[in-house]
Amino acid sequence: DKYGKKMSKSKDNGIDPLDVVAKYGADAVRLSLIIGMTPGQDTRMSEEKIASYRNFVTKVWNSVRYILLNVDTKYHQTVEITAQDIKSPADSWILCELNKLMQESTACMEKWHLSQTGTKLYNFLWNTLCNYYIEMSKTSQNPKVLIYVTQTLLKMLQPFIPFVTQELWSL
């Protein structure tokens with residue numbers, strides 16, 4: 001449980017997976033079971049942890065929907081980026097950060113370090129993309145870069161939150 005004690009029915013400190021999936025969603029439960037896990041160690045599980053990952057899944061949903069609603073639909077198809085598509089230092093920066101994320105995530109996944117990969121994806125989406133690049137794009141938007149970053153990130157998030165990413169991909 002959240003205090004590090006073994007869950008049991010007699011102690012009434014267990015979490016019913018069906019209840020938390022119904023309350024917070026399957027993707028939030030999946031993330032709470034992956035991120036923060038250290039191989040060979042007991043993990044602490046609580047509804048608060050699951051709720052925090054529900055907030056992340058909501059952030060994914062809202063940020064991708066914001067991007068798709070604010071970019072002309074002609075850019076919604078799969079996009080490849082060329083040097084001519086980079087229009088500002090912010091575009092160069094986000095593409096560099098995305099490339100670094102892809103390299104680090106690939107290295108972690110090859111070693112089966114799922115928790116580290118999930119943490120890197122979480123930090124990139126929450127801090128780098130949402131807190132900086134989306135805010136910068138409100139003044140000078142580059143739709144090709146926005147869609148490319150969004151599509152690449154959705155592909156990377158798919159093993160961790162398959163239900164939300166599949167729904168967003170179909171939009």
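I looked up who meets whom between α4 and α5, taking contact as heavy atoms within 4.5 Å. On the α4 side I found A90, D91, W93, I94, E97, L98, L101, E104, S105, C108 and M109, and they meet L114, Q116, T117, K120, L121, F124, T128, L129, Y132, Y133 and M136 in α5. I sorted the residues of this contact into 14 nonpolar, four polar and four charged; Ala, Val, Leu, Ile, Met, Phe, Trp, Tyr, Cys and Pro count as nonpolar, Asp, Glu, Lys and Arg as charged, and the others, Gly among them, as polar.

Note on sources: this is a predicted model, where local features need pLDDT of at least 70 and side-chain atom pairs count only at pLDDT 80 or more, while totals for chains, interfaces and linings use all residues. Residues are numbered from 1 along each chain as its sequence is written, and side-chain values use heavy atoms, with hydrogens and water left out.

Next, the core. Of its 44 residues, V60 and V149 touch the most other members. Elements giving two or more residues to this core are α1, α2, α3, α4, α5, α6 (143-157) and α7. Leaving out residues up to four places away in sequence, I see V149 touching I94, L95, L98, F124 and L129.

After α2 comes G36, with a positive phi near 90°.

Methods: Helices (H or I, at least four residues) and strands (E, at least two) are DSSP runs, numbered from the N terminus. A nonpolar core is a set of buried Ala, Val, Leu, Ile, Met, Phe, Trp, Tyr and Cys residues joined through side-chain atoms within 4.5 Å. Buried means under 20% relative accessible area, exposed over 50%, partly exposed in between (1.4 Å probe, protein chains only).
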